[in-house]
Amino acid sequence: MARRAAEPRWLELRLPSLPENVGVARVAVAAFAAQLPFTLSELEEIKVAVSEAVTNAVVHGYGHGQGVVTVRAGHDGHRLWVEVADSGRGIADIEQARQPAFSTDPERMGMGFAFMEAFMDQVDVESVPGAGTVVRLYKRPRPQEGTRLPDEPAAAAGPADPGEGLRDPAASHREAAAGRSEGTGRAGPAASR
Ligand SMILES: Nc1ncnc2c1ncn2[C@@H]1O[C@H](COP(=O)(O)OP(=O)(O)OP(=O)(O)O)[C@@H](O)[C@H]1O
Ligand SMILES: [Mg+2]
């Protein structure tokens with residue numbers, strides 16, 4: 001049993017670039033991620049981040065045209081990684097694209113990368129104009145109140161962090177993201193696109 005737990009786990013999906021496949025990807029990755037001890041809130045965060053990355057592939061990578069979006073995920077028992085890749089038009093200036101409120105589409109909010117950053121521990125973007133984009137997302141389950149990682153010091157950590165386990169710093173982001181969490185839909189005027 002112990003040996004099985006140490007084996008790497010992974011998932012790979014190849015999806016036609018269609019808005020309805022955003023939901024397929026988010027549900028599949030969330031089900032996969034549930035192999036790690038993520039809370040429901042964390043699984044929701046992962047869903048939003050995956051939705052944003054896949055939506056970007058569909059909307060920007062392929063400009064709503066035909067293409068394949070590849071979604072891979074894996075974990076080593078401790079940390080989840082998710083990769084969303086397209087072979088679309090690519091990003092000319094990645095740093096600029098990652099700025100909150102930057103969008104090349106005036107009708108969009110430019111918040112996709114900001115949500116990915118807020119909800120995941122690490123976001124890496126590689127892109128080649130004319131060739132495609134790969135977004136990699138990483139997240140570890142947050143230690144919950146009353147649990148401790150084996151190599152963590154005992155509770156004497158004391159007042160340095162009194163609210164650990166009680167705060168939910170992502171809650172306000174999640175509320176903001178709530179209207180964005182299905183498909184390529186958007187709260188507000190963009191929702192009908
Ligand atoms: N896969 C991709 N292929 C090509 N360009 C991309 C891709 N992902 C993001 N971009 C570029 O990065 C910009 C910022 O992306 P981001 O998701 O932050 O905002 P948005 O998609 O424009 O708006 P929103 O996500 O709020 O609808 C996009 O406007 C687009 O120009
Ligand atoms: Mg986006």
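## Sheet, helices and ligand shell of a predicted model

Strand β3 (residues 80-86) and strand β5 (residues 132-139) pair in the antiparallel sense, joined by seven bridges. Strands count as paired when DSSP finds at least two bridges between them. Helices (H or I, at least four residues) and strands (E, at least two) are DSSP runs, numbered from the N terminus. This is a predicted model, in which local features need pLDDT of at least 70 and side-chain atom pairs count only at pLDDT 80 or more, while totals for chains, interfaces and linings use all residues. Residues are numbered from 1 along each chain as its sequence is written, and chains are lettered from A and ligands numbered from 1 in the order in which they are written.

In general, strands of a sheet pair through backbone hydrogen bonds, either parallel or antiparallel.

**Overall layout**

The protein has six helices and five strands, which follow the pattern α-β-α-α-β-β-α-α-β-β-α along the sequence. Of its 193 residues, 29% are buried. A residue is buried if 20 or more other C-beta atoms lie within 10 Å of its own, exposed if 12 or fewer, and partly exposed in between, with C-beta atoms placed from the backbone. Among contacts with a separation of 6 or more, 66% join residues 24 or more positions apart. A contact requires C-beta atoms, placed from the backbone, within 7 Å of each other.

**Two residues with contacts across the sequence**

Arg26 lies in helix α2 and counts as buried because 26 C-beta neighbours are inside 10 Å. Leaving aside residues up to four places away in sequence, Arg26 touches Lys47, Val50 and Ser51. Gly130 sits in the loop between β4 and β5 and is exposed, with 10 other C-beta atoms within 10 Å. With the same exclusion of residues up to four places away, Gly130 touches Arg89 and Gly90. The table gives one pair for each residue.

| Pair | Separation in sequence | C-alpha to C-alpha distance |
|---|---|---|
| Arg26 and Lys47 | 21 residues | 5.0 Å |
| Gly130 and Gly90 | 40 residues | 5.5 Å |

Helix α5 (residues 112-119) is largely enclosed by the rest of the structure, because seven of its eight residues are buried. The buried residues are Gly112, Phe113, Ala114, Phe115, Met116, Ala118 and Phe119.

Ligand 1 is surrounded by 22 residues, of which Asn56, Ala97, Ser103, Arg108 and Gly112 are the closest. A residue is near a molecule if its C-beta atom, placed from the backbone, lies within 6 Å of it. Both α3 (40-61) and α5 supply at least two residues of this shell, and α3 gives the largest share, five residues. The shell divides into seven nonpolar, ten polar and five charged residues. Ala, Val, Leu, Ile, Met, Phe, Trp, Tyr, Cys and Pro count as nonpolar, Asp, Glu, Lys and Arg as charged, and the others, Gly among them, as polar.

**Positive phi in two loops**

Most residues other than glycine have a negative phi. His64, in the loop between α3 and β2 (68-75), has a positive phi near 65°. His64 is partly exposed, with 14 other C-beta atoms within 10 Å. Ala101, in the loop between α4 (94-98) and α5, has a positive phi near 75°. Ala101 counts as exposed, with 9 C-beta neighbours inside 10 Å.

**Confidence**

The mean pLDDT is 83, and 72% of the residues reach 70 or more. Over residues 154-167 the pLDDT is below 50, and this stretch has three contacts beyond near neighbours in sequence. Residues 183-193 also stay under 50, with 17 contacts beyond four places in sequence. The pLDDT is the predictor's confidence in each residue, from 0 to 100. Where pLDDT is low, the predicted coordinates should not be read in detail.

Methods: Two residues are in contact if their C-beta atoms, placed from the backbone, lie within 7 Å.
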